[in-house]
Amino acid sequence: MKCLIVEDDFAARRLMKRYLSSYGDCDIAVDGNEAVEAFRQATDEKEPYELICLDIMMPNMDGREALKLIRQIENE
């Protein structure tokens with residue numbers, strides 16, 4: 001399983017990666033902008049994420065905005 005962890009808190013990112021890495025490959029993004037870019041790149045490479053753990057409150061672009069853009073990319 002390929003998953004994307006989107007979390008601005010270092011300790012939370014590390015903990016989530018520790019738990020999820022036994023299920024597959026984990027990529028990390030620290031804000032919504034990085035999440036959208038990672039999602040777009042994975043989709044373009046025909047290796048989409050099967051799980052995205054998305055924090056809601058983040059700097060630059062919050063999780064809700066990122067989710068809207070991710071859904072738009074899925075629909076394209």
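I5 finds its bridge partner in β2 at I28. The crossover that takes the chain from β1 through helix α1 (residues 10-20) to β2 is a right-handed β-α-β unit (right-handed meaning that, with the strands pointing away from the viewer, the path from the first strand over the helix to the second runs clockwise). Helices here are DSSP runs of H or I with at least four residues, strands are runs of E with at least two, and both are numbered from the N terminus. The model is predicted, so to speak of local features takes pLDDT of at least 70 and side-chain atom pairs count only at pLDDT 80 or more, while totals for chains, interfaces and linings use all residues. Residues are numbered from 1 along each chain as its sequence is written, and side-chain values use heavy atoms, with hydrogens and water left out.

Strands β1 (residues 2-6) and β2 (residues 25-29) run parallel and are joined by five bridges; pairing requires at least two DSSP bridges between strands. K2 sits opposite D25 in β2. The open sheet has three strands in the order β2-β1-β3, with parallel pairing. β2 and β3 (51-54) are the edges, each with a single partner strand, so one side of each has no neighbour in the sheet.

Over in the helices, the axes of α2 (residues 32-44) and α3 (residues 63-75) come within 9 Å and cross at roughly 15 degrees (axes are lines fitted to C-alpha atoms, for helices over the stretch in contact, with angles from 0 to 180 degrees between N-to-C directions). The two helices, α2 and α3, are therefore roughly parallel, the term for angles under 35 degrees.

How values were computed
Parallel < 35°, antiparallel > 145°, perpendicular 65-115°, else oblique.
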